[in-house]
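User: Can you walk me through this model? I'd like to start with the inside and then look at the contacts between chains.
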Amino acid sequence: MVFALLAVLALNVTTGVIVLGGVDKQGPLAFAVSYETGRTVRTIHQAFAYVLLAMVGGHLAGVIHESFRSDAKLVLAMFTGEKPDTPVAIAANPARARPAFAGLTVLLLLGGAAYGAVAFSSRRALGVPVGPLDSTYVKECGSCHMAYPPSLAPSSRWIALMAGLADHFGEDASLESNLMSSIRAYLINNSAEKWDTRPSHELAESNPGDPLRLTATPFWTRTHRLIPSAVFRSKAVGAKGACDACHSDGLTGRFDPQKIEIPARALQ
Amino acid sequence: MKITMCCLSACLITSSSAVAVAGPGGTQKLLDFYANQAKATDPAFAGFSAQRGELLFRSDFSGGKPDTPSCTVCHTKDPRNVGQTRAGKDIDPMAASANPQRYTDQEKAEKWFGRNCRNVLGRECTAREKGDFITFMLTQ
């Protein structure tokens, strides 16, 4: 039972690292796992998480039952390694304690694991946009709103957006035609299809009622549903489309879950 | 008739004072650019007016896009304030005193007059309106 528990635990850790690498592009496997693989393994990870929870429950129930049944101090034994009432037949062959050897083994294992995790984690994540956005794009499109990383929309949406700049979400955002074509080319060349981040996959699904608006996409609506609308209206944020007000890495298109911080002023 | 007279005298007074407040050389060049255009379309053009510019800045219009009936929607009622676009981005102040970079770049001025006149008024602004607007902002 204990070995089964440890095996399921190990499986959960492994699948978790794969999910983290594929879906969030973080951790030691971010360089190797695709979003698609991450999503598939996530299903297994979730299923085994429930199995693990059930086994933990069974394990604890067993400990409690055994404690009452035999009066053994099982929890204390975890620290001392001794069960005073262990039958002699089973307690035969007491191993000699070698704390220095044990300590060194643990240190080597943990050190090796830590070194490996850090070394692998520092590799470039698979399909994550790097480098600053095109400076012309930022200048022309970033004056009125955040310069949205091209990875946040599929090329079809960029094409439709660039075709309607004279009425761009209720405003005239016309560009001189040479500029328009070069920005359009930049957006298409770097659109969501070219990347493997979570936003590049999830934001590709449009809202049929408002197909061009990023903040109307099902994914955006779902992930922001718990944030009060007053936060978006606040001076510190300004609007739903101001991603970088809370996502400090929003301008890169990466959107790490750990890089989210709603400005304190927006919550007052 | 009375109004016309009023406007005429106002623009005569302010056009002379506008020259005095026009700061960097680029600004004067920009004003000259619009003055030449205004003269070309209207031989009776007699200079820009800060009052007319202020009226343009503060008025509500109905011809433009419904979300932006006036300049002040985004730029606030005080041109020295930092404004905010509808998408939440800060806009540097419009007043020349608060933002000396303003009105020194013809290309930039044309781009934003182009977009924002269509947004607010639903049409292109005339050269006189653009000159009036800048003249008002130079007094702020």
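Analyst: Here is a quick tour of the core, the surface and the interface. Note that this is a predicted model.

User: Which residues have the most contacts inside the largest nonpolar core?
Analyst: Tyr137(A), Tyr148(A), Trp158(A), Ile183(A), Leu187(A) and Val237(A). The core has 29 residues.

User: Which helices each supply at least two residues of this core?
Analyst: In chain A, they are H5 (135–141), H6 (155–163), H7 (177–189), H9 (218–223) and H10 (229–233).

User: And what is Val237(A) in contact with, leaving aside neighbours within four places in sequence?
Analyst: In chain A, its partners are Val231(A), Phe232(A), Ala242(A), Ala245(A), Cys246(A), Pro263(A) and Ala266(A). Gly88(B) is in contact with Val237(A) too.

User: Switching to the interface. How many residues of chain A are in contact with chain B?
Analyst: 20 residues of chain A, against 15 residues of chain B. The two chains bury about 1,500 Å² between them, 39% of it on carbon and sulfur atoms.

User: Which residues in chain A lose the most area to chain B?
Analyst: Cys144(A), Glu171(A) and Asp172(A). Together they make up 36% of what that side buries.

User: How many salt bridges across it?
Analyst: The rule finds four. Asp90(B) forms a salt bridge with Lys235(A), with the closest N and O atoms 3.8 Å apart.

User: Last one. Which residues form the nonpolar patch on the surface?
Analyst: Val2(A), Phe3(A), Leu6(A), Leu9(A) and Val13(A), with about 510 Å² of accessible area together. Leu6(A) sits in helix H1 (residues 2–23) of chain A. Leu6(A) is partly exposed, at 46% relative accessible area.

Technical notes
Residues numbered from 1 in each chain as written. Chains lettered and ligands numbered in written order. Predicted model: local features only at pLDDT ≥ 70, side-chain atom pairs only at ≥ 80, totals over all residues. Heavy atoms only, no water. Core = buried A, V, L, I, M, F, W, Y, C linked by side-chain atoms within 4.5 Å. Buried < 20%, exposed > 50% of the residue type's maximum accessible area, 1.4 Å probe, protein only. Helix = DSSP H or I, 4+ residues; strand = E, 2+ residues; numbered from the N terminus. Contact = heavy atoms within 4.5 Å. Patch = residues over 30% accessible without salt bridge, like charges linked within 9 Å, V, L, I, M, F, W, Y side chains within 5 Å. Areas by Shrake-Rupley, 256 points an atom, 1.4 Å probe, with all protein chains shown as cover. Salt bridge = Lys/Arg side-chain N within 4 Å of Asp/Glu carboxyl O. Buried area = accessible area lost by both parts, 1.4 Å probe.
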